[in-house]
Amino acid sequence: MRSFTNIPEQIENALAKVAGTPSRRTLLKSAGLFAISVAAVGPGALVRQAKAQAAADTAGPYPDPDFRQVDSWIVIHEDNSATFSVGKTDCGQGTGTSFRQIMSDELDVAFEKTTCIMGSTDVTVDQGGSGGSTAMERDSWPMRRVAAEGRRVLLEMGSARLGVPVNQLSVSDGIITVKNDPSKRVTYGELIGGKRFNVTLTGNNINATTGKARVKTLQEFKNIGQTPQRYDIPAKVDGSLKWAVDMKLAGMVHARNVKPPLAGAKLLSIDESSVRNLPGFVKVVSKGNYVAVVCEREEQAINAAKKLVVHWDRPATPPFPSSENLFSYMREVMPKSSSKPVIVGNPETAFKDAAMVIEADYDIPYQGHTSFSPAHALADPSNGLMTIYSNDMKSYGMRRGVAEFLGMPREKVRVVWMEGPQGFGRTAAEDAGAEAAYLAKEIGRPVRMQWMRSEETAWDTKAPAFAVKIRGALDSAGNVVALDYDARSADYNHVGYNEADTVLIAQLMGIRRETPAAGSASLPGEMYEIPNRRMGMHVVSLPMVWETPLRTGNLRDPNGPQSTFASESFIDEMAVAAKADPYEFRMKLLTSGTGDDANFKRARSIAALKSAAETYGWDRRPSPKGRGTGEILTGRGIAYAFRGQTIAAEIAEVEVNRRTGHVWVKRLVCAHDCGLMINPQSLRHTVECAMLHSVSRALHEEVQFDTEKVTSVDWNSHPTLTNADTPERLDVVLINGDPNPNRPDLAPYGAGETACKPMLAAIANAIHDATGVRLRRVPFRAPRVLAALKAAQV
Amino acid sequence: MSLTLKVNGTSHTVDADPSTPLLYILRNDIGLTGPRFGCGLGQCGACTVIINGAAMRSCVMPLSAVKSEVTTLEGIAKDGKLHPLQQTWIDEQVPQCGFCQNGQIMTAKALLDKNPKPSDAQIREAMNRTLCRCMTYYRVNAAIKRAAGMIAEDRSAGRKEVLA
């Protein structure tokens, strides 16, 4: 018997709990493979059975599961149930349940008899984990095609078993029957339960993976479009689920980081005697400017990290301007890079000839991911291997990054993905995995790393700040004739994917790329028919580039909320200038379009705007509404955006307290079109939560800093929307604006992020409608709103 | 130092510094991971447990201050039956990621134990300091209303049985 590493029973059970599956041991037993290896279990093990001998010659026991094998994706058990393995992670939108719906439809097994394993690098193929709202839009396709191929193969096997041609067979819930003699039947479990398909797939890359079978049409779906309950929820409400944060191993120790007190501070010396005699002390580990303390117990590590005396050298020059001076800095500094502007028509002439030209600057600050749980991971260095138990949404990226960072062969490193808090993109570069692995290797014991709240809020990745200037030209009839959009984003050190030379521990240790991975600014969606346009983007850098707490990362729709706040506020400003109703103004710009309308995006945009306006009961009139005399001013605003092929039109109704400046978003509407809906209830919940996340970003969220450090360090200094501030009413209208809504090939588009985009502008537009005051700086916290109202003598 | 505390009906003796926050004792010594670390500052509510009928933040409560029985998320189901709040949490599909939901459920339980028929405004007020970064507040509030209804029905059903 060959055993690569020891996995404690509790971890096995916890893993089983995560996936809602029988434990891996059980799975193995049913597959008749228990003797092969305790570590290499699950569907990946089926593939690796053939490789088991070869593994001895390769660099390690965790080679990449082969995506060109049906066995890497699907295991049929003797009891006619099925386990699906997908290279995705679930950040809370219920994607695992949706994948089960999709694959059980294509395979023709009963949904209730399926389970799903996600994102563990040694047993699930590398689909990249989560990100970019790609779960249904892109990554469900190989799953569908592989499951369809599984069905085709099983029907052929059934045909041979029953002695009847395939075209005389039907299949439902994993039971194949002869059409004209239903007494003749055989189940999938009887045909292949516990055995391998041994069917090779084709495709140049994982997204192109396919067999020979065709996928089903809209009309053939049974589970897609239904709303089965999410399988992960029961264990989340009875407290039985073991999350990544809950993992424990025998002999495990606890680690806490000691971060530089000032950004850019250099480590001079560590006085280890300050903690050496504390109870449970194990070790101080440091390299470059990275410092961590390790203790036997968690509270001991927290205490020791507080007490450790470290001498730091103050940086010679301030690492960044203060958050109050950020936007003047961003506008004045020479950009690090500028895109070639997109120019349509002749904007210069159009501006010269215009009846009216308006111009506005919009400022969107850094906003934090501020994940609900600070970063955490447990790393096990047993037997010269490295296993990391992590909630990293891109577990495959973490595996690559950690292997490279530690100088280990990838085949000796694996990441076991487990549930974690949403991170809205934070866990694409979640830092703790590499830290835990580094410390585990140093100490030779399993290490659990957990960041503290102040550390997470100050040092997590940030959505880049944007400074946007827009000019617009109107003719004498109030038609938009030209638009000039120019965006600057402070996005010069953009990190993601836990790369070995960008993860924070590497930056602090001085391991760096030649040039940082710059992010980008972003253009607004170009659906409006504006004949003359110029659009430019620039990336600017703060003075401090590396080991900064203002590293940027992908915060839910990385740049969309920022660019859309500017562009959809400005469309409203032009509507005001034209004395037009803001809904009608947008419809006019959309309906006059004659350009590209791939996937009927314009038709679907028009349908979404109409649906939102009808749901809300939009009263057509120009803004502002005209202030009353009371303390509370009310108004409504609209904004719309698309992301990829997904459309979201949103309306916000606000109450603005004239005396305090407090803004309450009282009512919200979103009309949402993402094509084929896999699970409408999960979709509705996802959209609802995305809208409210952006309400929080509009009203509360801003990373504040002085010229030396981030001063937003907790939920008071980086506040978030609370229960009492939630709107009184919120309507999500799920629409399908396709001209042929029952197209057999109707495709699903992404849904995780689009609804985040228009909300900031919808709220700003509503505040303007209520007060006549235009807020061009996010967030709309009460003091800022009050100051603006006072300045306008409201 | 050895200290004894009662959690979910069972006594546990733990060897830890008395200043240790209760949260770490529950999670690391007793193995109850329903309560979770979110901030360590008593701001978010992820660590909430119930002591003497009140929702308490175990991340800022030293072990030495624990004088009464502690109830955690794992301890509110009775006789194998989920607490009504846990059931309505499933019925309403409340969680997005679910990380904060220990705090939501335990805070809601302390509310319903004191006020079995809270108004919408009372629910919002009682839940206002329990944060959810996924913003599941609507579903939290809907599930609390539904659970309050379930509890009321159970009680009236119970009374009938007594009368019968």
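Reply:

**The open sheet of chain A**

Chain A holds an open sheet of three strands, in the order β1-β2-β3, with mixed pairing. Strands here are DSSP runs of E of at least two residues, helices are runs of H or I of at least four, and both are numbered from the N terminus. Two strands pair if DSSP finds at least two bridges between them. This is a predicted model: local features need pLDDT of at least 70, side-chain atom pairs count only at pLDDT 80 or more, and totals for chains, interfaces and linings use all residues. Residues are numbered from 1 along each chain as its sequence is written, while chains are lettered from A and ligands numbered from 1 in the order in which they are written.

Angles run from 0 to 180 degrees between N-to-C directions, and axes are lines fitted to C-alpha atoms, for helices over the stretch in contact.

Now the pairing. Strands of a sheet pair through backbone hydrogen bonds, either parallel or antiparallel. Strand β2 (residues 82-86) of chain A pairs with β3(A) in the parallel sense, over five bridges. Opposite Val86(A) stands Met118(A), in β3(A).

A helix covers these strands. α4 (residues 95-107) of chain A lies across β1, β2 and β3 of chain A. Its direction is about 125 degrees to β3(A).

Next, the contact between the chains. Two residues are in contact if their C-beta atoms, placed from the backbone, lie within 7 Å. Chain B gives 45 residues and chain A gives 42 residues. On the side of chain B that touches chain A, α1 (22-30), α2 (84-91), α3 (101-114), α4 (120-127) and α5 (137-163) of chain B each give two or more residues.

Chain B also has parts of its own. Its domain assignment, automatic or from a database, gives domain 1 (2-75) and domain 2 (84-163). Their centres, taken over C-alpha atoms, are 22 Å apart. Each domain puts 14 residues into the contact between them. On the domain 1 side, β3 (48-51) and β4 (54-57) of chain B each supply at least two residues. β3(B) gives the most, with three residues.
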